[in-house]
Amino acid sequence: MSQFTPEPTDNTSIATIRTLAADVVGKANSGHPGAPMGMAPVSHVLFTRFFNANPKNSKWFNRDRFVLSNGHACALQYILLHLLGYKLSMDDLKAFRQLDSLTPGHPEAHHTDGIEVTTGPLGQGFANGVGLAMAQAHMGAVYNRPRFNLINNYTYVFTGDGCLMEGVASEAASLAGHLQLGNLIVIYDDNHISIDGDTAVAFTENVEQRFLSYGWQVLHVDDGDHDLAAINGAIAAARAEKNKPTIICLKTTIGYGSKQQGTHGVHGSPLKPDDIQSLKSKFGFPPDQKFYVPQETYDTYQAAALRGAKLESQWNSLLAEYAKAYPKEHAELTRRISGKLPEGWEKTLPVYTPTDPAQASRKLSELVLTAITPTLPDLMGGSADLTGSNLTKVKGTVDFQPPNTGLGNYAGTYVRYGVREHGMGAIANGLHAYGGIVPFVATFLNFVSYAAGAVRLSALSKHQVIWVATHDSIGLGEDGPTHQPIETGTHLRAIPNLDFWRPADGNETSAAYLVALKSTETPSVLSLSRQNLPNLEGSTIERAARGGYVLYEVANEDMTIVSSGSEVPIALEAASLLKKEGVNVRLVSLPCWSVFDKQDEQYRLSVLRSGAPILSLEALTTTGWQKYSHEQYGLPAWGASGPYLKVYEKFGITGPNIAAVSKKVIAFYKQKGGQVVSPLIKAL
């Protein structure tokens, strides 16, 4: 593969990509033609000479992974998918950026055949690529055997100046260098153009020195517009380096062939009609014929596709032989590839009674991980330098580290992410996208905000990433308002397809893990306490797994208190005090709004029923609780530094004060008169 042999169809194929990019963006009158035109040569060399995949089965497990981190250049990816024979027709290309098309404005996983990860927010794809490469290294270390090199694919990432400016890429690149990921090859489109113009206005660092300091191999191609042999040689050299990730600095001309080539004018705007005609004439294509693809281009890419199909067939034969030699490993590997968890794993979840000692829910989380990890080899997790606080390292597990460091090996399942929350979240998306792995990551809840871009893409892309987010309220105490996540829960609860869990005790913590591990297309954030929480009478895994339930029931109640997490015991104390005064208060625990919202209406209305006012209680901002309560009690602003019980007292989140607040609410609604209807009953 390292020796470059020119083919008569090379120039025609590259010209096809360039002219199609102009037509695709031109018809939509929206998009980014420049990068696709500039990266046409490297794309052609990569996909016709090196890339191993079968377009007829885009989920073949040992396929090479491709990530377009500069996702605005997606016209390029769609064109390549079409030429290779994925499920993307010429009509799909013509529908670029149109409503409900298979060619949206940025690549979307689970939407377009052949797209591995959703990209567009710059830098995310770069970090996803690191996760994909880590996943290959791990799965290969676990399942490969002598004569059975089953899992050995490469991950290729296209990236641009914008991606390299984003901090998430820096975080991920730093970790990738430490991990010595020789299976990761990044091709940097060094065209010196961003939206604001020449990168000289803002991005003048020495990229080579930066990546050398990370521990990467850095290669250069000085003429990415024409020098196919140099491109070929650089990719071959990158593949040959087994102990370092590689970045190929590829100098290209953005919008090559256009009248505006080399300027930011061709970055994010369609070419004018006369420019497109001129471009086609320059390459010897019919100037008036749109979406023109010579048959020789189709034939060239069909040959690449057939090579990939043959490779998959050979791999399937090897897998069948592996089954005979290693039946246990084969059964586990194929189960993991299928996305199914082992039968009966749920039985390992800890179950609690009220007589069990009070413990912090972060400790309860550790107990869950300790219980389920031996049964779930699929779990691969780590912390952003907070292992001792997040309690995520299960005794006996091995660190995921390069074997030559003496710190662990690639078969290890515990990742030391360092203080890199954003990179960690985006890498976890890549781990999940690879397949066979359920990633969990950990930090303080407040610092999940650092990773907001990655969390959002987890939800959008249906990545099952589990966040262990400890120190989740003013209950962390002395660290004060810089660390107390007053508003973070509101943000996370607002993200579609994300389950934010705030368990109140041991059974609810087990329930959170149960639902998170069964939710194969939904990320979860487990909001966990630093302070000890009692195990509650009436809580069970089954009840909590519905997202909300009646913890303490009374008939003819004067009021219901609905709460979550560490405030549920406080609400229970308030109810007990009121009972002594003859005031009947029922208590609802609502650990996960989004899961509760999926329950049938009859159940939801039985939990938050009409007839009496409902007061919410949480040591966070009250935003959002209006959906589930008539009145809300929480934090009006930032928290405070001090011993946590004193901080709770300062903000009135104590049993006696909540009892007093409850009496005010009850009196108000009695004086107001009329029927009190459940807040769940709405017109829309």
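Which residues lie nearest the centre of the largest pocket? Select Ile337, His432, Ala433, Gly435 and Gly436, and you're there.

Before going on: this is a predicted model, where local features need pLDDT of at least 70, side-chain atom pairs count only at pLDDT 80 or more, and totals for chains, interfaces and linings use all residues. Residues are numbered from 1 along each chain as its sequence is written, and side-chain values use heavy atoms, with hydrogens and water left out.

Now show the whole lining, 28 residues (those with an atom within 4 Å of a point; a pocket is an open set of points on a 1 Å grid over the protein atoms alone, with protein on both sides within 12 Å along at least five of seven lines). The volume, meaning the space filled by probe spheres set on the points, joined across faces, edges and corners, is about 580 Å³. Colour α13 (327–338) and α16 (421–434) next: each gives the lining at least two residues (helices are DSSP runs of H or I, at least four residues; strands are E, at least two).

Next stop, the second largest pocket, with about 500 Å³ of space. Centre on Gln136, Asn149, Ile151, Asn152 and Asn153, the closest to its centre among 23 lining residues.

Then go to the largest cavity, about 130 Å³ (in a cavity, a 1.4 Å probe fits but cannot get out). Pick Phe51, Phe66, Leu81, Tyr86 and Gly114, nearest its centre, then helix α4 (residues 74–84), which supplies the largest share of the lining, 4 residues.

Last, select strand β9 (residues 379–383): 3 residues from here make up the largest share of the second largest cavity's lining. That cavity holds about 80 Å³ of space.
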